[in-house]
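Hello,

Here is the structure I promised to pass on to you. Have a look at it first, and then read my notes below.

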Amino acid sequence: MATIQNIDPVFFLGPVVVVLLSAGLVFYWNRRRRLTVWALFLSAVAYFVAIGAKAAFQAVTYVPLDTAVGGNPWALGPYFGLQTVFLEVGLAYLVARYSVSHSILRANDAEGYGISLALWENGVFVAGLAALEYAIYFFTLSGGGTVAQQEYTALIKAAPSLFDKPTAALQLVGYQVLERVSSTLIHFSWGYLCVLAAVFKNRRYLLLALPWGLVDFLAPFGPSFSLPVFEGIIFTLALASVAVALASTRGETRAKSTDFSAPQPDGANLRLLFAVAFRRALNFGKVYVVIGTVLPLLFTVEVAEAGRAAAGAGGPALVDIYPLILPVFVVLGSTGALMVFGSDRDKGVFEYMLAYGVDVSQIFLSTVVATVGLVTLVLGVALVVSVASIAAAGLPLSVTVGELILFYTIPLSYASAMFMSMIGMIWSQLTARRPGVNSPVGIAPIVGIAPVLAALILAESSGPGGILYVAGGASAAMVCAVVLMAWVANKKMQRERFLSNA
Amino acid sequence: MAPAPPILVQDVASGYYGKKVLDGISFEVSEPGVYVVLGPNGAGKTTLLRTLAGILRPYSGRVEINGIPSQEKEARMQIDYITHLDGIPEGMKVEDGLRFYADVEGGGEEDVRRVIKLLDLEELAKLRFTQLSQGQKKRVSVARIFLREKSVYLLDEPTSNLDPKVAKEIRELVLQLSKDKVVLYSSHNLFEAREIGSRVIAVKGGKLALFGRIDEIRTETYTVGVRPLELSPALGQGRKEGDYYLFDLRSPEDVPGLIASLTSSGVRIREVREMQNPLEELFK
């Protein structure tokens, strides 16, 4: 049996530096330049929908393609590059265009939008994933025993560089950070160009933004180069992307400087409105928030105890079940926003909002935004406390649990809560039964839980590894359904449905 | 080119879920002032105001606010509106409710402070809306229209449930507004209508029954009640109703002649009062 060696803690430095860098840029732009909550939210929608779509597409196509082309990078390069062009850059543009047409984003939000895209990619997704993986490796290997031995054997084969000496590890961390800096610059460039393309209806900006997605063309060529050369090429391209973006739009920003500093049109202050919607949803549904946060914790304690007993008897670690069940509680915990929606209509609030120039889509959107806020709160608290409890109980945190949390629990929680919220709103609008447990608002949480359970059943029958694809597919389908329902409701729903019955 | 009228309504049909409540309504409001919207229950007053506010889409015809179709956001942003519902979100304090609407209308904290002072709401500001009496709730609801300056105000029974003192204050504020703004004011109270408005938009059975000046309304009879100090045979020409003897005249201009005739016949008069509002004709 080989001696177990732990990974060097210096690896944690990479994600920490990237998170600090990404968050620092957001903070700086928010304080000194312009970066709004809206830019953060919209860029998150664009980015995570694109990532979900890419994951779903690759789940179906990657293995057959890789087998067919025998891993040829000249075939895989365009495969990855074009996905980024059309999904990441394309969606960033579509979201920007929608937001500009609804006066949510303006020209001076272009930089903030780009910085926000970079935050989600680097500071949250990549760095978060890396930090979680390193933490799981570190704590699993620290624990010793059979699990640690298995983990070590797997890692020494798959990623031997994790066990490099500190000097070599530090060098590796340096290149990781450089790669994220390059990614930050490229995301900034295409986000910036997408917003300006939408504001000024300038196709040239879009055509300048799209090709930067092709940088992923280089991904399969990584092994063909030494690390310094490869990262050097990417960094050079990233610098070029920023230069092109700023140089190509310089005339526009100078000529239309007034548009950049123009005050908001005299209308609803949607940023404040959405913040109020979240606060009210939290206040309205605080009991549900507590239920959504505390119940999974109790469940975790139960699971941890059962897991300890089962592990002692050689059975499966039941802790793996926890991430699968959590979305159910999150959906329950986020019903406050829907309750506010039901109450507001009964009180005649929507009648006033419509009269004051707020659109139907903005009413729906404020509820969805508040739901997303509640999901973040419930999920954040539940995950942090639960994972800490599992670790404190001495149960191993496997890579599987980490993957499940990232690719199952989080996307499915957000998607099913948004789905519940939108279904509840539409149903509530179409029926006269408004208050009470029997009302759509009362029944909607069950509707939101149903897809989670359906995904779980489908996942069980899809074999090992299939669960993540099922979760990704189900999440993407629910987000698409939410967008479609919002669009149809905005176009077709009679305004009188927003009036109170009172 | 002449500026567009504040309100233009052309052959409008409107209602709920495809069922027409208003049909063939046309009028144009081109001057500032208070326009009293009158009509019996179910006549379509609220539907008219909701259609003007852009809440209901007309089935046919044209509604424009300052030349912009009422459905457009830009048109709705030029309107202020209150309905019979208070519309303060559940669980909010008074000042939070006003702040909420200030945000919706693109206003700020200074607007909230100004309105709280204007309508003397300081003592209520920190209370939850549910803790208020009906009259206080109405005051807060009405306060909303003073948050932002608009060019058209649509007020659906703003003084219902208010005590006479507060109702009078609200009417005075509305009258101040109407010096350079268009105010459409629906009311069931015919005497209030005459007190506040100079023009009337009467709706009956979903149709426009009258659009014009209140003082131009001509009725077939004008009834006054005479309350004498003591009985007199000369009062026999009138119908007795309680302490009053009712006389049907052709118009208010005939009142001095009636008084002269009665006093010359030896009737000592304690009081003469209008027993029928000419606007009641519109409700028949």
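This is a predicted model: local features need pLDDT of at least 70, side-chain atom pairs count only at pLDDT 80 or more; totals for chains, interfaces and linings use all residues.

Stepping back, β9 and β10 belong to an open sheet of six strands in chain B, with the order β6-β7-β8-β3-β9-β10 and mixed pairing. At its edges are β6 (79-82) and β10 (207-213) of chain B, each of which pairs on one side only. From one strand to the next, the twist averages 15°.

What lies across this part of chain B? Helix α1 (residues 45-52) of chain B lies across β3 (33-38), β7 (152-156), β8 (182-186) and β9 of that chain. The helix runs at about 150° to β7(B).

Chain A has another make-up: 18 helices and zero strands. It has 502 residues, and 45% of them count as buried. Taking the contacts in chain A between residues at least 6 apart in sequence, 85% join residues at least 24 apart.

How confident is the predictor? For chain B, the mean pLDDT is 87, and 94% of the residues reach 70 or more. Among the elements of chain B, strand β1 (residues 7-16) has the highest mean pLDDT, 95, while helix α7 (residues 190-196) has the lowest, 76. The model as a whole scores ipTM 0.82 and pTM 0.68.

Enjoy exploring it!

Best wishes

Methods: Residues are numbered from 1 along each chain as its sequence is written. Chains are lettered from A and ligands numbered from 1 in the order in which they are written. Helices (H or I, at least four residues) and strands (E, at least two) are DSSP runs, numbered from the N terminus. A residue is buried if 20 or more other C-beta atoms lie within 10 Å of its own, exposed if 12 or fewer, and partly exposed in between; C-beta atoms are placed from the backbone. Two residues are in contact if their C-beta atoms, placed from the backbone, lie within 7 Å. Two strands pair if DSSP finds at least two bridges between them. Axes are lines fitted to C-alpha atoms, for helices over the stretch in contact, and angles run from 0 to 180 degrees between N-to-C directions. pLDDT is the predictor's confidence in each residue, from 0 to 100.
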